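Reader: Before we look at anything together, I would like to learn how to read a model of this kind feature by feature. Could you take me through it slowly?

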Amino acid sequence: MNSATDAPVEATLAAVIILAAGEGKRMKSARPKFLHEVGGRSILHRVLDAATALEPEHVAVVIGHGRDQVEAHLDEVAPHAVRVPQGNEAYGTGYAAQCAIAGLPELHGDVVITVGDAPLQTGDALAALVAEHRSAGAVATVLTATAPDPTGYGRIVRGADGSVVAIVEHKDATEAQRQIDEINSGIFVFDAATLRDGLTKISTDNAQGELMLTDVVKIATDNRQQVAAYRVDDFWLTEGVNDRVQLGRLNAELNRRICEQWMRAGVTIVDPATTWIHDTVDLAPDATLLPGTSLEGATSIGAGATIGPDTTLVDVEVGPGATVIRTHGSLAVIGAEASVGPFAYLRPGTELGVKGKIGTFVETKNAIIGAGAKVPHLTYAGDTTIGDGANIGAGTIFANYDGVNKTSSSVGRHSFVGSGTVLVHPRTVADGTYVAAGSTITNDVEPGELAVARGRQRNIPGWVARKRAGTKTAAAAEQAGGTEHGEGEQ
């Protein structure tokens with residue numbers, strides 16, 4: 001980028017207008033294209049972040065197709081944004097800008113107009129565009145880039161002094177103009193008065209048959225007013241999403257950049273091609289991410305922790321030195337030096353203490369598991385507190401739901417629950433207790449007690465010979481010396 005890249009926007013910006021009314025037919029989706037996600041956030045949300053970074057007096061979003069969905073999304077991510085509905089009277093960027101100007105108070109100063117489908121644009125790039133606009137004393141400035149393949153883009157025609165002479169749409173361009181590789185990003189900054197005046201004079205007399213924002217630029221150049229261009233070095237900042245192929249490409253590019261950033265910051269990523277990280281994730285140095293890992297939302301990973309392979313964590317906090325293998329977790333906390341997995345499912349509300357263990361085929365929900373406590377295998381632990389150092393045997397079920405209500409139970413410090421146990425909530429198993437394997441616990445267990453809750457075993461001799469005569473089982477029993485006759489069934 002040129003020297004204006006880091007220049008601040010000193011004077012107040014009147015408005016940033018985001019054009020997000022298009023139908024996006026090529027997405028072939030019931031969802032407006034602006035709501036599809038790149039790196040875990042909607043395209044529109046990312047553009048709004050870039051716009052809001054400029055701290056303008058107004059942020060306006062021009063909406064049309066899928067209006068109800070877009071407005072609901074704006075309620076979530078940008079309640080401060082002014083929603084401007086685009087009517088059906090005309091088409092084109094010029095018409096969308098007309099709607100925005102009509103929907104805002106009278107503007108004075110500079111106005112940025114940006115596209116709503118370019119998710120990698122940044123506040124820094126927009127600030128640099130405004131700084132260049134002001135430095136050049138221009139009435140209009142366009143953000144441009146050098147495109148590897150400019151087909152389909154409007155071309156920037158410059159004069160000998162470097163000023164913009166024209167912006168020519170691809171369909172309107174001559175063969176010579178189509179050789180130009182500097183393209184129009186669709187992102188502009190205008191003097192508000194120039195914009196307002198120009199929008200009253202544009203027409204549909206072009207190959208698209210639409211009201212075009214670029215015609216406002218043409219009016220300015222025809223009037224010999226100064227029109228400038230700010231060329232970014234990074235073409236990806238201008239790349240828009242029109243179909244699912246482009247959506248995938250932009251997701252991959254953003255993820256590549258995020259992975260590279262973290263590797264340079266001291267994180268080991270064994271296979272960046274299969275590791276996905278949202279830009280809201282925080283990673284400490286010496287964390288290691290193995291192949292097939294996806295870290296999303298507000299996830300944070302502590303120093304020296306190892307995540308993966310084949311692990312997805314959404315809004316999960318992982319402490320230093322922890323190990324998480326082949327696990328899906330959301331809204332959970334994993335303590336320092338704890339271990340999780342493989343094949344564990346941590347649902348919201350799970351908290352695993354320091355050096356604790358959640359093992360193979362374990363599902364937890366609203367479970368607080370203390371320091372050094374172990375839930376090693378084949379367990380469902382929901383709505384429970386497990387004290388420090390406790391051990392939960394394989395196949396234990398915390399029966400927290402009676403078909404109507406969910407209730408809570410607890411297992412105390414350094415207690416031992418044998419394999420195949422069912423704890424029927426609400427129950428308290430106190431500190432320092434034992435529960436015998438195979439028990440169904442329906443009463444509280446006091447400190448120091450052994451709880452046994454299972455029927456006495458009895459064996460009935462000769463039952464197979466009498467009840468399953470002629471079967472392979474009966475033959476095997478006879479060969480093994482099983483009694484042919486026994487006491488009657490009781």
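Reader: With which residue does glutamate 239 form a salt bridge?

Author: Side chains of opposite charge can pair when their charged atoms come close. A salt bridge is counted here when a side-chain nitrogen of Lys or Arg lies within 4 Å of a carboxyl oxygen of Asp or Glu. Glutamate 239 forms one with arginine 249, and the closest N and O atoms are 3.2 Å apart. Because glutamate 239 lies in the loop between β11 and α7 while arginine 249 lies in helix α7, the pair ties together parts that are 10 residues apart in sequence. Helices (H or I, at least four residues) and strands (E, at least two) are DSSP runs, numbered from the N terminus.

Reader: What should I keep in mind about the origin of these values?

Author: This is a predicted model, in which local features need pLDDT of at least 70 and side-chain atom pairs count only at pLDDT 80 or more, while totals for chains, interfaces and linings use all residues. Residues are numbered from 1 along each chain as its sequence is written, and side-chain values use heavy atoms, with hydrogens and water left out.

Reader: Is glutamate 239 buried or exposed?

Author: Buried means under 20% relative accessible area, exposed means over 50%, and partly exposed is in between (1.4 Å probe, protein chains only). Glutamate 239 counts as buried at 5% relative accessibility, whereas arginine 249 counts as partly exposed at 37%.

Reader: How many salt bridges does the count come to?

Author: The count comes to 24 salt bridges. Among them is the pair of arginine 158 and glutamate 182, whose side chains meet at 2.7 Å, N to O. Since arginine 158 belongs to strand β8 and glutamate 182 to strand β10 (residues 182-191), the pair ties together parts that are 24 residues apart in sequence. Arginine 158 is partly exposed at 30% relative accessible area, while glutamate 182 is buried at 4%.

Reader: Which strand is joined to strand β8 by 4 bridges?

Author: Two strands pair if DSSP finds at least two bridges between them. Strand β8 (residues 155-158) is joined by 4 bridges to strand β9 (residues 164-168), and the two run antiparallel. Valine 157 stands opposite alanine 166 in β9. The hairpin of β8 and β9 has 5 residues between the strands, and glycine 162 takes a positive phi near 90° there.

Reader: Into which domains is the protein chain divided?

Author: Domain bounds come from an automatic or database domain assignment. The assignment divides the chain into domain 1 (13-238) and domain 2 (262-451), and their C-alpha centres lie 48 Å apart.
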